[in-house]
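Here are my notes on the structure, point by point. Please read them with the coordinates open.

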Amino acid sequence: MSEGLSVDEGIRTLLLLMPRMAGRVKRIPIPEQLRSFSLAPRHLSLLAYLLFDGPMTVNELARLLQVAPATVSLMVGDLSRQGVLERREDEQDRRRTIVSIAEQHRDAVDAWLSAGAKAWRKALEPLTPEQRRLFVETLETYEREATAEGRS
């Protein structure tokens, strides 16, 4: 692929590649310690933010996940009741709640996400920062356009 691709060749290649990638993601085994919690793909994104960016508020998670705070609040409540997440009062603003991964499940969550992180690291490390930005922006554009197309 070092010679480049036409737009049509790129489209054909990606139309064949994307379902395989999505299938691989769906087959990432959930660690034994987390299997009883009925985790869904929507939980994966929430847990990834908490693992990589650390504890945060429900509103911060909602902004990052691009969903309503009520949606995140429901997910956090469910995962808190199961012991996957912990909630604590924000010491600077007692009206806010800080959400984090429960320490006893941190290693299992890390194990669940590490395979994908390692694969992305191998794919992204050889690129320049500008190339990485372009790649990420391209995927974001695809996701946004595919979502908009689905609403039309």
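1. Met-75 is buried in this predicted model, with a relative accessible area of 5%. That value falls under the 20% limit for a buried residue. Met-75 belongs to helix H4. Leaving aside residues up to four places away in sequence, Met-75 touches Arg-42, His-43, Leu-46 and Leu-65. Val-58 is 17 residues from Met-75 in sequence, and the C-alpha atoms of the two are 9.8 Å apart in space.

2. Leu-46, one of the residues that Met-75 touches, is found in helix H2. Leu-46 is buried, and its relative accessible area is 0%. Which residues does Leu-46 touch, not counting those up to four places away in sequence? They are Leu-61, Leu-65, Val-72, Met-75, Val-76, Leu-79 and Leu-85. Ala-62 lies 16 residues from Leu-46 in sequence and 9.0 Å from it in space, C-alpha to C-alpha.

3. The largest nonpolar core has 25 residues. Those with the most contacts inside this core are Leu-46, Leu-47, Leu-50, Leu-61, Val-72, Val-76 and Leu-85. At least two core residues come from each of helix H2 (41–53), helix H3 (58–65), helix H4 (69–81), strand E3 (97–101) and helix H5 (103–124). H2 gives the most, with five residues. As background, nonpolar side chains in soluble globular proteins tend to be buried together.

4. How are H2 and H4 packed against each other? Their axes are 11 Å apart and meet at an angle of about 90°. Angles of 65 to 115 degrees count as roughly perpendicular, so H2 and H4 are roughly perpendicular to each other. On the H2 side, the contact is made by Arg-42, His-43 and Leu-46. On the H4 side, it is made by Val-72, Met-75, Val-76, Asp-78 and Leu-79. By class, the contact of H2 with H4 has five nonpolar residues, one polar residue and two charged residues.

5. The structure holds seven salt bridges. In one of them, the side chains of Arg-106 and Glu-103 meet, with an N to O distance of 3.8 Å. Both residues lie in helix H5, three residues apart, which is about one turn of the helix. Are the two partners buried or exposed? Arg-106 is partly exposed, with a relative accessible area of 22%. Glu-103 counts as exposed, at 57% relative accessibility. The limits behind these labels are under 20% for buried and over 50% for exposed, with partly exposed in between.

6. Another salt bridge links Glu-125 with Arg-121, and the closest N and O atoms of this pair are 3.6 Å apart. Glu-125 and Arg-121 are both exposed. In general terms, side chains of opposite charge can pair when their charged atoms come close.

7. Arg-133 and Glu-137 also form a salt bridge, with 3.9 Å between the closest N and O atoms. A salt bridge is counted within 4 Å. Arg-133 and Glu-137 both lie in helix H6 (residues 129–151). They are four residues apart, about one turn of the helix. Glu-137 counts as partly exposed, at 37% relative accessibility.

8. Most residues other than glycine have a negative phi. Ser-38 is not a glycine, yet its phi is positive, at about 50°. Ser-38 is found in the loop between helix H1 (7–26) and H2. Ser-38 is exposed, with a relative accessible area of 60%.

9. Gln-66 is likewise not a glycine and has a positive phi, of about 60°. Where does Gln-66 lie? It lies in the loop between H3 and H4. At 69% relative accessibility, Gln-66 counts as exposed.

How values were computed. Residues are numbered from 1 along each chain as its sequence is written. This is a predicted model: local features need pLDDT of at least 70, side-chain atom pairs count only at pLDDT 80 or more; totals for chains, interfaces and linings use all residues. Side-chain values use heavy atoms; hydrogens and water are left out. A nonpolar core is a set of buried Ala, Val, Leu, Ile, Met, Phe, Trp, Tyr and Cys residues joined through side-chain atoms within 4.5 Å. Buried means under 20% relative accessible area, exposed over 50%, partly exposed in between (1.4 Å probe, protein chains only). Contact means heavy atoms within 4.5 Å. Axes are lines fitted to C-alpha atoms, for helices over the stretch in contact, and angles run from 0 to 180 degrees between N-to-C directions. Angles under 35 degrees count as roughly parallel, over 145 as roughly antiparallel, 65 to 115 as roughly perpendicular and the rest as oblique. Ala, Val, Leu, Ile, Met, Phe, Trp, Tyr, Cys and Pro count as nonpolar, Asp, Glu, Lys and Arg as charged, and the others, Gly among them, as polar.
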